[in-house]
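Please open the structure in the viewer and keep the sequence alongside.

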Amino acid sequence: MEELARLPARRAGRRKVGYPRFKKKGRSRDSFRLHHEIAKPGIRLATYRRLRLPKIGEVRLHDSGKCLARLIGRGDAVIQSVTVSRAGHRWYASVLAKVTVTLPTRPTARQVSAGKVGVDLGVKSLAVLSRPLVPGDDTTAFVPNPRHLRHAETRLTKAQRALSRTTKGSARREKARRRVARLHHEVSVRRAGQLHALTKLLTTTFSEVAVEDLNVAGMTRSARGTTERPGRRVRQKAGLNRAILDTSPGELRRQLTYKASWYGSKLLVLDRWYPSSKTCSACGWQNPRLTLADRTFHCGNCHLVIDRDLNAARNIAQQTHGAPHHPVAPGKGETQNARRATGRPPSPRAGRQEAQKREDTGPPGPVPPQRSDPLTSPPPEPPGQESAKSL
Ligand SMILES: [Zn+2]
């Protein structure tokens, strides 16, 4: 016990340190897990549509269990356990199985000919690709943002308001609560479906997928501030945060990581300090005054005019490099830092806050003049000097 007491009282995440508590209806996610003896499996598919659970018996499935049944039939999968959970108005049975698969060690010829793609994640478009998905059709470089949460906003507002008007502990309150939960669940199902489709498409189409390392928690931090120093534009920032989180950038990255190893492609990650939006993708000139409102990038050096996010996506593709001499172990799917950067860049904006993606966050404070400010340094830096360093 003394050993335990001396440990620092910290844990990952935001959860406070404390005694363990039992799960409780209404407080925790409703779920339970069942195990079985693998020699005489109590968890098995009775038919493609019926799952047999120990003690409970057969339950009918909404989805087909055909894929799993065939894997088991071939001896390629062994069921380990099943987790039954409730989300919104539905019950889910999540079957954990040990599956034997042969992961591809290299991309297919089709993936190789498609090459590398840079992906800029955003809110206006969910993702902007450095090259179109369909060659020749430039509109396919922009993946529209479905904005699922916004579409449900009216219905959610009504349901939330109805809930807040009910008496605590009443049957109608429970009914109203379920309606809100159902709406949120429907949003999350749509979001997940869309995300899986996109990440699969990217990892199966291209041999290398390059993304930016985003500090999602930092980017979506509240602008509230403190009582002494209240923040500005708090509501606007809250709306932006909601829109960013609706695109689930962290989950997208997680899916790309494991799907890259499934489909033989490679995920490259550009370090979070690279100014991908402020840099010209053609010549390397930088515009430190670029704000979130500037939707188009105008180069002050080579006069390139390009969509802001497309410019960023091209930078992400150009600035990431796979390491052919150090192949990533299969199953890892990710190179740690494709630019091989060591920590902070040479001139960070001296010690303000913690590391985060500056371009999309923070108060619009004065920007110190950087390399080639169009106003303070009239002779633009010769092209090549900046880009040569990072190539
Ligand atoms: Zn340029």
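A residue is buried if 20 or more other C-beta atoms lie within 10 Å of its own, exposed if 12 or fewer, and partly exposed in between, with C-beta atoms placed from the backbone. This is a predicted model, in which local features need pLDDT of at least 70 and side-chain atom pairs count only at pLDDT 80 or more, while totals for chains, interfaces and linings use all residues. Residues are numbered from 1 along each chain as its sequence is written.

**Helix H10**

Select residues 308-319, helix H10. Helices (H or I, at least four residues) and strands (E, at least two) are DSSP runs, numbered from the N terminus. Twelve of the twelve residues of H10 are buried, among them Arg-308, Asp-309, Arg-314 and Gln-319. The end C-alpha atoms of H10 are 17 Å apart, which agrees with the 16 Å that its twelve residues should span at 1.5 Å a residue; the expected span is 1.5 Å times one less than the number of residues.

**The whole chain**

Now display the entire protein chain, which has eleven helices and 13 strands. Of its 391 residues, 23% count as buried.

**The five-stranded sheet**

Next, select the open sheet with strand order S9-S8-S7-S10-S11 and mixed pairing. Two strands pair if DSSP finds at least two bridges between them. Strands S9 (142-144) and S11 (266-270) are the edges, each pairing on one side only. Within this sheet, S10 (residues 208-212) pairs with S11 in the parallel sense over five bridges, and Ala-210 stands opposite Leu-268 in S11.

**The largest nonpolar core**

Which residues touch the most other members of the largest nonpolar core? Select Val-117, Val-119, Val-209, Ala-210, Val-211, Ala-313 and Ile-316, from a core of 31 residues. H10 gives the most to this core, with five residues. A nonpolar core is a set of buried Ala, Val, Leu, Ile, Met, Phe, Trp, Tyr and Cys residues joined through C-beta atoms within 7 Å. Centre the view on Val-119: leaving aside neighbours within four places in sequence, its contacts include Ala-127, Leu-202, Ala-210 and Ile-316. Two residues are in contact if their C-beta atoms, placed from the backbone, lie within 7 Å.

**A hairpin**

Finally, select S5 (residues 77-87) and S6 (residues 90-99), which run antiparallel and are joined by ten bridges. Val-78 stands opposite Lys-98 in S6. Two residues lie between the strands of this hairpin, and Gly-88 in the turn has a positive phi of about 60°.
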